[in-house]
Amino acid sequence: KLFLPHSDIRTNVFSSSLADESSTTIDIDNGSGGNSDATSIFSVGDKVYLGNGCTLGVLSNITATQLTFESGISISVPDNVRMYKENPLPKVFASDVSTNKIIMEFVFISR
């Protein structure tokens with residue numbers, strides 16, 4: 001199965017430059033040709049996610065060119081990475097809890 005994120009939580013807001021871990025701001029592009037506005041998509045207090053399910057942090061300010069977080073972001077964000085309004089991964093993959101893990105065992109038998 002191929003898991004694709006819901007389109008209603010995927011935004012056209014992309015990082016426009018590298019943001020290091022612990023940075024409190026991320027420079028953004030509002031989609032191809034500026035066809036999306038971060039100030040109408042996100043609100044102060046919203047969590048921002050990446051496509052891999054990582055939470056960047058909680059927003060404290062939003063402008064057309066920058067997202068500002070209450071505390072430093074959790075991971076480095078390279079240029080041109082899409083931002084999400086919610087965790088895009090299915091619930092079973094949304095955390096690293098041991099009950100969400102699958103153990104596979106392979107047995108090789110010679111012929």
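Which residues of strand β2 (residues 25–29) form its covered face, and which its uncovered one? The covered face consists of Ile26 and Ile28, whereas Thr25, Asp27 and Asp29 make up the uncovered face.

The structure is a predicted model, in which local features need pLDDT of at least 70 and side-chain atom pairs count only at pLDDT 80 or more, while totals for chains, interfaces and linings use all residues. Residues are numbered from 1 along each chain as its sequence is written, and side-chain values use heavy atoms, with hydrogens and water left out. The predictor's confidence in each residue, pLDDT, runs from 0 to 100. For the protein chain its mean is 81, and 76% of the residues reach 70 or more. Among the elements, β5 has the highest mean pLDDT (94) and β1 the lowest (87).

Of the 111 residues, 27% count as buried; buried means under 20% relative accessible area, exposed over 50%, and partly exposed in between, with a 1.4 Å probe and protein chains only. The chain exposes about 7,500 Å², of which carbon and sulfur atoms supply 50%. Accessible areas come from the Shrake-Rupley method with a 1.4 Å probe, and for residues only the protein chains shown count as cover. Among contacts (heavy atoms within 4.5 Å) between residues at least 6 apart in sequence, 61% join residues at least 24 apart.

The strand pairings place β2 in its setting. Two strands pair if DSSP finds at least two bridges between them. Strand β1 (residues 10–15) and β2 pair in the antiparallel sense over two bridges, and β2 pairs with strand β5 (residues 66–69), also antiparallel, over three bridges. Strand β1 in turn pairs with β6 in the antiparallel sense over two bridges. Phenylalanine 14 has bridge partners in two strands: aspartate 29 in β2 and arginine 82 in β6.

Aspartate 29 and arginine 82 are 53 residues apart along the chain, and their C-alpha atoms are separated by 9.5 Å. Aspartate 29 belongs to strand β2 and is partly exposed, with a relative accessible area of 42%. Not counting residues up to four places away in sequence, aspartate 29 touches Asn12, Val13, Phe14 and Ser16.

On the β5 side, threonine 25 has threonine 68 as its bridge partner. Threonine 68 counts as buried at 18% relative accessibility. Beyond its neighbours within four places in sequence, threonine 68 is in contact with Thr24, Thr25, Val58, Leu59, Ser60 and Asn61.

Attention now turns to the interior. In soluble globular proteins, nonpolar side chains tend to be buried together. A nonpolar core is here a set of buried Ala, Val, Leu, Ile, Met, Phe, Trp, Tyr and Cys residues joined through side-chain atoms within 4.5 Å. The largest such core has 17 residues, and those with the most contacts inside it are Ile26, Phe42, Leu56, Leu67, Phe69, Val77 and Met83. Strands β2, β4 (55–62) and β5 each supply at least two residues of this core, and the largest share, three residues, comes from β4.

Valine 77 touches Ser15, Ser17, Leu18, Ala19, Ile26, Leu50, Leu56 and Met83, not counting residues up to four places away in sequence. Serine 15, one of these partners, lies in strand β1. Serine 15 counts as buried because its relative accessibility is 0%. With residues up to four places away again set aside, the contacts of serine 15 include Ile26, Ile28, Val77 and Met83, together with Asp27, Pro78, Asp79, Asn80 and Val81.

Glutamate 86 is partly exposed, with a relative accessible area of 48%. The C-alpha atoms of glutamate 86 and tyrosine 49 are separated by 6.1 Å, although the two residues are 37 apart along the chain. Leaving aside neighbours within four places in sequence, glutamate 86 is in contact with Ile9 and Tyr49.

Definitions and conventions:
Helix = DSSP H or I, 4+ residues; strand = E, 2+ residues; numbered from the N terminus.
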